[in-house]
Amino acid sequence: MKKTTKLAKTPGRTAKAAPPSGPTYSAPALEKGLDILEVLCRSNAPLSQTSIAEELGRSVSEIYRMLTCLIDRGYVLNISDTYAITTKLFELAHSNPPTNRLLLEAGPIMQELSSELEQSCHLTVYNQGRQIVIAKVDNPGGMGYSLRVGAELDVLVSASGRALLAFQDPETTELRIRESVRRRHEHSSIDIDAILESVRKRGFESIVSLQIKGLHAVGYPIFDTQHRAIAALTVPYAERLDLNNRKTVKDVEVALGRAARTLSERMGWRDGVSSGFLREPSDTSVVSKGRQRAIRR
């Protein structure tokens, strides 16, 4: 009988979730090496062995061999009696650009989602006060609404834009709100703070389109390893009146939530860290209007 061992948690780090179907095994040596890399990456100056050990709550002898190995592999540089990160992690990260990875992983997931719902879907990223469509899949039935790749979308009035704004650190959210208002000044009266708080609680946005009559837009955030929304996956739902077993908005919310979760996991996100993400969709699909106020410029 196989024995299941829980991953030990280290301060400042959440253990990586294992696939639910199999046992979980610890790898203490690997974890110590990764802990050292993370500490050095967060530091603006080289650290001594003692400082690294104190930061990790370990003894100097525990990390000595790990540091030697990381130096030999080119990840860490020894400067006198201190240690600093090299550019190797940066080089590895840029050998596989995030956008390329996102598009590679998103393609099959979006195809499956579109086939399941018989609706189009698209993937957007934020760029200086607007969104850019970087991928899309048309309705396989040949009839419906879709956007072209490269199209620019407003942020504050769209489901996808709100999903991109809601799941950031406060400073980033405020900056993007200001950029969006500068681009579309007529949106300055929207009570966006209240709307984003509602999106965070629900984990996604689902609204009657404020731009195209007859559409209902559902947008979910796509998270990275830092639990920030790097993209938004959206279905512009157009109801087919000639189909007997047509999908509902609720069906779209559930299926899109599964797809967004899968894509986020492919990008490194793990459950149990980001509050409010991908909660079970509620019966209310439209965010209620709050009191209107001017957004700070």
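**Figure 1. Pro 221 in strand 8 of the predicted model.** Pro 221 is buried, its relative accessible area being 0%. Buried stands for under 20% relative accessible area, exposed for over 50%, and partly exposed for the range in between (1.4 Å probe, protein chains only). The residue belongs to strand 8. Helices (H or I, at least four residues) and strands (E, at least two) are DSSP runs, numbered from the N terminus. Between the C-alpha atoms of Pro 221 and Gly 161 the separation is 9.3 Å, while along the chain these residues are 60 residues apart. Residue numbers start from 1 along each chain as its sequence is written, and side-chain values use heavy atoms, with hydrogens and water left out. Because this is a predicted model, local features need pLDDT of at least 70 and side-chain atom pairs count only at pLDDT 80 or more, whereas totals for chains, interfaces and linings use all residues.

**Figure 2. The protein chain as a whole, for orientation.** The protein chain holds nine helices and nine strands. It has 297 residues, and 43% of them count as buried. Among the contacts with a separation of 6 or more, 59% are between residues 24 or more positions apart; a contact means heavy atoms within 4.5 Å. The accessible surface of the protein chain is about 16800 Å², and carbon and sulfur atoms hold 52% of it. Accessible areas come from the Shrake-Rupley method with a 1.4 Å probe, and for residues only the protein chains shown count as cover.

**Figure 3. Helix 6 against helix 8.** Two packed helices are described by the angle between their axes and the distance between the axes. Helix 6 (residues 159-166) and helix 8 (residues 192-202) pack at an angle of about 80°, and their axes are 9 Å apart. Axes are lines fitted to C-alpha atoms, for helices over the stretch in contact, and angles run from 0 to 180 degrees between N-to-C directions. Helix 6 and helix 8 are therefore roughly perpendicular to each other. Angles of 65 to 115 degrees count as roughly perpendicular, those under 35 as roughly parallel, those over 145 as roughly antiparallel and the rest as oblique. On the side of helix 6 the contact is made by Arg 162, Ala 163, Leu 165 and Ala 166, and on the side of helix 8 by Ile 192, Ile 195, Leu 196, Val 199 and Arg 200. Sorted by class, this contact of helix 6 with helix 8 has seven nonpolar, no polar and two charged residues. Ala, Val, Leu, Ile, Met, Phe, Trp, Tyr, Cys and Pro count as nonpolar, Asp, Glu, Lys and Arg as charged, and the others, Gly among them, as polar. Helix 6 is largely enclosed by the rest of the structure, because eight of its eight residues are buried.

**Figure 4. Arg 176 in helix 7.** Arg 176 sits in helix 7 (residues 170-183). Its relative accessible area is 17%, so Arg 176 is buried. Apart from residues up to four places away in sequence, Arg 176 touches Tyr 126, Leu 164, Leu 165 and Gln 168. Arg 176 and Leu 165 are 11 residues apart along the chain, and 7.1 Å separates their C-alpha atoms.

**Figure 5. The loop between strand 8 and strand 9.** His 227 lies in the loop between strand 8 (215-223) and strand 9 (229-238). Most residues other than glycine have a negative phi, and most peptide bonds are trans. His 227 is not a glycine, yet its phi is positive, at about 65°. With 28% relative accessibility, His 227 counts as partly exposed. Arg 228 lies in the loop between strand 8 and strand 9 as well, and is partly exposed, with a relative accessible area of 36%. Leaving out residues up to four places away in sequence, Arg 228 touches Phe 167, Gln 168, Asp 169, Ile 222 and Phe 223.

**Figure 6. Val 252 in helix 9.** Val 252 is part of helix 9 (residues 249-266). Val 252 is buried, with a relative accessible area of 0%. Beyond its neighbours within four places in sequence, Val 252 is in contact with Leu 117, Val 218, Val 235 and Tyr 237. From C-alpha to C-alpha, Val 252 and Tyr 237 are 7.7 Å apart in space, and they are 15 residues apart in sequence.
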